[in-house]
Amino acid sequence: MRSNIHLSSLLLLSLLGFSLASDSTPASNPLQDKCSKEFEKLTTCLDYATAKVATPGTTCCTSVSGIRQEEPACLCYIIQQAHSSSPTMASMGLKFDRLLSLPDSCKLANSNISNCPKLLNLSPSSADAAIFTDPKSATGEKLSSISDI
């Protein structure tokens with residue numbers, strides 16, 4: 001169990017782009033700094049995000065709901081970071097479409113992922129915005145139902 005928690009923490013730190021090296025410079029992205037604790041909260045969702053379970057658990061959904069209520073931009077940022085993850089992250093089994101569908105899978109009311117580009121200050125015509133406005137093209141597959149942020 002301890003190794004799963006350690007692996008989860010490393011996975012989430014990697015998503016954020018943190019370097020474990022002691023001589024690394026601090027993050028220059030304010031959202032990266034702001035959302036680091038929100039990433040930690042999502043360790044409860046790793047079984048769902050890696051497709052080990054079909055539905056997210058109550059603890060996962062409580063975490064997602066809390067992030068959505070306290071820092072909705074962070075939920076968008078986490079999804080964005082998962083989409084732009086390195087091949088190493090993909091090899092760990094993290095599924096972008098699973099993170100994208102977390103709000104829907106957790107049945108969060110009054111949420112809309114199409115608000116993410118605005119929350120992240122993305123140009124509406126940018127490729128980064130497209131992952132929220134046209135998720136089918138971002139995942140390369142058909143998604144059944146995408147909820148809101």
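Reply: Let us begin with burial: buried means under 20% relative accessible area, exposed means over 50%, and partly exposed is in between, using a 1.4 Å probe and protein chains only. This is a predicted model, in which local features need pLDDT of at least 70 and side-chain atom pairs count only at pLDDT 80 or more, while totals for chains, interfaces and linings use all residues. Residues are numbered from 1 along each chain as its sequence is written, and side-chain values use heavy atoms, with hydrogens and water left out.

Me: Okay, which residues make a disulfide with cysteine 45, and is cysteine 45 buried or exposed?

Reply: Cysteine 45 is joined to cysteine 60 by a disulfide, with an S to S distance of 2.0 Å; a disulfide here is a pair of cysteine sulfur atoms within 2.5 Å. Cysteine 45 counts as buried because its relative accessibility is 2%, and cysteine 60 counts as buried at 1%. The link of cysteine 45 and cysteine 60 has 105° about the S-S bond and is right-handed. Cysteine 45 lies in the loop between α2 and α3 and cysteine 60 in helix α4, so this pair ties together parts that are 15 residues apart in sequence.

Me: How many disulfides are there in the structure?

Reply: The structure holds four disulfides, and if the bonded cysteines of the chain are numbered in sequence order, the pairing reads 1-5, 2-3, 4-7, 6-8.

Me: What about cysteine 35, where does its partner sit?

Reply: Cysteine 35 forms a disulfide with cysteine 74, and their sulfur atoms are 2.1 Å apart. This pair links distant parts of the chain, with cysteine 35 in helix α2 and cysteine 74 in helix α5, 39 residues apart. The torsion about their S-S bond is about -85°, so the disulfide of cysteine 35 and cysteine 74 is left-handed, and both cysteines are buried.

Me: And which cysteine pairs with cysteine 61?

Reply: Cysteine 61 is joined to cysteine 106, S to S 2.1 Å. Cysteine 61 is in helix α4 and cysteine 106 is in the loop between α8 and α9, so to speak of sequence, they are 45 residues apart and link distant parts of the chain. The disulfide of cysteine 61 and cysteine 106 is left-handed because the torsion about its S-S bond is about -80°. Cysteine 61 counts as buried at 16% relative accessibility, and cysteine 106 does so at 12%.

Me: Let me zoom out. How many helices and strands does the chain have?

Reply: The chain has 11 helices and zero strands, where helices (H or I, at least four residues) and strands (E, at least two) are DSSP runs numbered from the N terminus. Buried residues make up 41% of the 149 residues in the chain. Among contacts between residues at least 6 apart in sequence, 71% join residues at least 24 apart, a contact being heavy atoms within 4.5 Å.

Me: Which residues touch the most other members of the largest nonpolar core?

Reply: They are Val64, Leu99, Leu102, Leu120 and Phe132, in a core of 34 residues. The elements that give two or more residues to this core are α2 (30-41), α3 (46-49), α4 (58-70), α5 (72-83), α7 (96-100) and α10 (127-133), and α5 gives the most, with eight residues. A nonpolar core is a set of buried Ala, Val, Leu, Ile, Met, Phe, Trp, Tyr and Cys residues joined through side-chain atoms within 4.5 Å.

Me: Why would such residues be buried together?

Reply: In soluble globular proteins, nonpolar side chains tend to be buried together.
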